[in-house]
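Thanks for coming, everyone. Please look at the screen while I walk through this one.

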Amino acid sequence: MSLTTTEAAILGLLRKGPMSGYDLRKDAERSVGYFWAPAKTQIYATLPKLVDAGFARSKKVTQSTRPDKVVYELTDLGLDALRSWIAEAPLEAGHGRNLILLKLFVAAEDDIDALLPQLAERRAEAERLRNELEQLEEALSSEKKWMERLTRRYGFLYADALVRWTEEAERELKKRAARARAERA
């Protein structure tokens with residue numbers, strides 16, 4: 001079974017430790033919510049599906065001053081599914097969602113080899129965008145098209161920032177991978 005992005009986000013949050021649906025929603029707001037915001041109802045609807053698939057397990061917790069709650073925990077099968085999603089899910093999410101950020105957020109050091117080519121792909125896309133914008137700038141440099149030029153300026157800044165960020169992220173991942181290999185040796 002391939003994971004939906006919401007399922008992967010929930011499993012990634014559960015990678016930190018057991019949480020209730022409420023805890024997951026609050027953690028999502030403080031963490032992945034900046035680049036991936038599943039609806040509150042999606043979290044609660046997805047949790048039983050993850051349990052049914054064997055990706056998570058649930059446990060009812062009795063509370064004395066509040067209603068009982070259900071706590072969810074990541075299983076080994078769920079961790080394997082999450083790792084497969086990190087390695088294989090396409091990066092394009094649309095609607096302002098950024099899957100490479102979500103993947104990095106829920107990943108661990110043993111996912112670095114899967115993430116490096118994806119960062120390189122994202123950097124290449126930004127470089128292609130910058131090249132296309134440069135060609136447009138040369139062809140459409142009319143003073144009458146100044147508003148269009150402003151939109152291209154945004155594209156230039158976005159592409160440049162993405163290239164710099166992917167280069168920085170790749171350096172950091174490579175450094176961490178090298179350190180982990182040295183510690184194992």
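The protein exposes about 11,400 Å², with areas taken by the Shrake-Rupley method with a 1.4 Å probe, and for residues only the protein chains shown count as cover.

A word on what you are looking at. This is a predicted model, where local features need pLDDT of at least 70 and side-chain atom pairs count only at pLDDT 80 or more, while totals for chains, interfaces and linings use all residues. Residues are numbered from 1 along each chain as its sequence is written, and side-chain values use heavy atoms, with hydrogens and water left out.

Now the layout. There are 7 helices and 3 strands. Helices are DSSP runs of H or I with at least four residues, strands are runs of E with at least two, and both are numbered from the N terminus. In order from the N terminus, the elements go α-β-α-α-β-β-α-α-α-α. The radius of gyration is 21 Å, well over the 16 Å that the globule rule gives for 185 residues, so the protein is more spread out than a compact globule. That radius is taken over C-alpha atoms, and the rule is 2.2 Å times the number of residues to the power 0.38. Along the principal axes, the C-alpha atoms fill a box of roughly 70 × 45 × 30 Å.

Next, the inside. Of the 185 residues, 37% count as buried. Buried means under 20% relative accessible area, exposed means over 50%, and partly exposed is in between, with a 1.4 Å probe and protein chains only.

Which residues have the most contacts inside the largest nonpolar core? They are L14, L24, W85 and L102, in a core of 38 residues. Such a core is a set of buried Ala, Val, Leu, Ile, Met, Phe, Trp, Tyr and Cys residues joined through side-chain atoms within 4.5 Å. Helix α1 gives the most to this core, with 6 residues. Take L14: leaving out residues up to four places away in sequence, L14 touches M19, L24, A56, Y72, E73 and L74. Touching, or contact, means heavy atoms within 4.5 Å.

Move to helix α3, where T46 lies. T46 counts as buried because its relative accessibility is 8%. Beyond four places in sequence, T46 is in contact with T6, E7 and I10.

W146, M147 and L150 make a nonpolar surface patch of about 350 Å². Patch residues have over 30% relative accessible area and no salt bridge; like charges are joined within 9 Å, nonpolar side chains (Val, Leu, Ile, Met, Phe, Trp, Tyr) within 5 Å. L150 lies in helix α7 and is exposed, at 52% relative accessible area.

Last, the charges. The structure holds 14 salt bridges, each a side-chain nitrogen of Lys or Arg within 4 Å of a carboxyl oxygen of Asp or Glu. In one of them, R122 pairs with E125, with the closest N and O atoms 3.4 Å apart. These two are 3 residues apart in helix α6, so about one helical turn separates them. Is R122 buried or exposed? R122 counts as buried, at 10% relative accessibility, whereas E125 is partly exposed, at 27%.

E172 and R176 form another bridge, 2.7 Å from N to O. Both sit in helix α7, 4 residues apart, about one turn.
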